[in-house]
Amino acid sequence: MPDAETLDRPPFDTGPPQAVPAGHPAPGHSTPGHPAPGGLRRSMRLPGALLIALSAISPASSVFIIVPGVLATAGSGALLSMAAGAAIAWCLAFVFAELASAYPLSGGEYAIVGRVVGPFWGFLVMGASLIGNCLIPAVMALGLSTYLGVLLPGLPPVPTALVTIAIVTLVGILNIRTNAVLTGLFLVVEILALLVLVALGFLHVARPLTGLLLHPAMPGGTGLVPASPAMIGMATSVALFAYNGYGAAVYFGEETHDAGRHIARAVMWAFAIAIASELVPVIAILMGAPDLRALLGARNMLGDFIAARGGPILATMVSLGIALAIFNALIAMMLLAARIAYSTGRDRIWPAGLSGALTRTHRRFHSPWVATLVCGVIAGLACLVPETALLVITSSTLVLIAGLLCVAVIMGRHNGTTDHGHYRMPLFPLLPAVALLAMLSIVYTNWLDPVIGRPSLAATGAICVASALYYRLVLRRRGAWVLRGPDDC
């Protein structure tokens, strides 16, 4: 957790002008609590930003949707994979916290990288971030019918996803404080579902924790065989994605009071809660499973575990809880996508008419309502695309973004563009260096996977090429691309 000394620095908007090179303007300095003309309103405090960030992580969705993939790959070695993923995520959380405290802007990662590393690299991140945040809600919505099926069997995936996207888009137009309260209430249901897993596992312990750590096993032949380091390593790259989302707090920096001081805390608290709420259930499941081989070979691992230990009625209730968790995550993701789209309009990336429309805020709710509607339409259209194709497009974008953030935090210390931030990570530059090496290892792991990994890397490369062409052929012809802050609306 960040301590008081590292967070007690001058406000983000009072940094020395010479610390920001030409073409990389620091964010605007609208008075806390008052919106810049035509901009977003600072109406939320630290708990609100934390709740939305946790909803973006969606610990229950991660445990029930992503963790089974880790278990299928590494067997009981998934515990080591989840721990290793948590260690890498810990490094990245410090990177996010330091950069977010310097630039708590609605553009998120692209606004940061563009100011610290350079506009061209920021634009590459913008392309990956905008596409990823608009398409990921479609992936999540298409999986919703699986969990609602326990109540409404035969629910068609695509129509269900379209209706869900329409609802979360309308919810996303509401005031940010309303969304914070709403996502907070849904988050309680998520935590309850995870507590059920923890209780069922720890109340029916079938094997010791030491055995799982010292002798990880995976299905092989007619029994269990030792889990290889290679499989545990491959599963680690999947485990890392389960924790993703703690950096989401930065997107709401322009709607949070005294964001420069509080966003770093929101990032670190979101990370800590995500680790605890995902790692502990995995331990409980592996310790409490009646038959480890049967668990690892099951098609619905966690559903079968709950049914075996708690009965079918409890399994049905938890499935409905997971459906609500997915809905909650969809709301948070739509809020993120809308803030990115709003920021691209303010930075005048698109033709004048579209850029101006994206910066419009609702008179009553002070939300970027046009940007929200545009992102909702894109996500809805994406629901018509095969889910495998969506996974291929979005899977590697996080690696690109995280890798450039690691570069940004190192360059920010070197060129002084983050000197005005409140927070400084410990163990610099070790933590960003470790995280950057981890991103490179994930790229290598993906390259070894010809089904999803290699096509995903190709898709991310195509996004970068398209972004670079737009930057060179469109933006550069207008002159130098200037990133704008809250006071420049």
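Me: Buried means under 20% relative accessible area, exposed over 50%, and partly exposed in between (1.4 Å probe, protein chains only). What makes arginine 413 partly exposed by that rule?

Reply: Arginine 413 has 27% relative accessibility, so it counts as partly exposed. Before we go on: this is a predicted model, where local features need pLDDT of at least 70 and side-chain atom pairs count only at pLDDT 80 or more, while totals for chains, interfaces and linings use all residues. Residues are numbered from 1 along each chain as its sequence is written, and side-chain values use heavy atoms, with hydrogens and water left out.

Me: Why is the contact between glutamate 98 and arginine 413 called a salt bridge?

Reply: The rule wants a side-chain nitrogen of Lys or Arg within 4 Å of a carboxyl oxygen of Asp or Glu. Glutamate 98 and arginine 413 have an N to O distance of 2.7 Å, so the pair passes. The partners are 315 residues apart in the chain, with glutamate 98 in helix 4 (residues 78-102) and arginine 413 in helix 19 (residues 397-415); a helix here is a DSSP run of H or I, at least four residues. Glutamate 98 sits at 0% relative accessible area, so it is buried.

Me: How do you know that glutamate 254 and arginine 346 belong on the salt-bridge list too?

Reply: Their side chains meet at 2.7 Å, N to O. This pair also links distant parts of the chain, 92 residues apart: glutamate 254 is in the loop between helix 11 (229-242) and helix 12 (259-288), and arginine 346 is in helix 15. Glutamate 254 has 3% relative accessibility, so it counts as buried, and arginine 346, at 3%, counts as buried as well. The whole count comes to five salt bridges.

Me: What about arginine 424 and aspartate 419: what makes them a salt bridge?

Reply: Their N to O distance is 3.6 Å, so this pair is also inside the limit. Arginine 424 is at 13%, so it counts as buried, whereas aspartate 419 is at 44% and counts as partly exposed.

Me: Why is the pair of tryptophan 90 and phenylalanine 94 called edge-to-face?

Reply: A whole-structure search finds twelve aromatic pairs. Rings of Phe, Tyr and Trp (its six-membered ring) pair if their centres lie within 6.5 Å; planes under 30 degrees apart are stacked, over 60 edge-to-face, and the rest tilted. Tryptophan 90 and phenylalanine 94 come in at 5.1 Å centre to centre and 85 degrees between the planes, so edge-to-face is the label. Both are in helix 4, four residues apart, which means about one helical turn between them. Tryptophan 90 is partly exposed at 34%, while phenylalanine 94 is buried at 4%.

Me: Last one: why do strand 1 and strand 2 count as paired?

Reply: Pairing takes at least two DSSP bridges, and strand 1 (residues 217-220) and strand 2 (residues 223-226) have four, in the antiparallel sense, so they qualify. A strand is a DSSP run of E, at least two residues. Proline 219 stands opposite leucine 224 in strand 2. The hairpin has two residues between the strands, and glycine 221 takes a positive phi near 65 degrees there.
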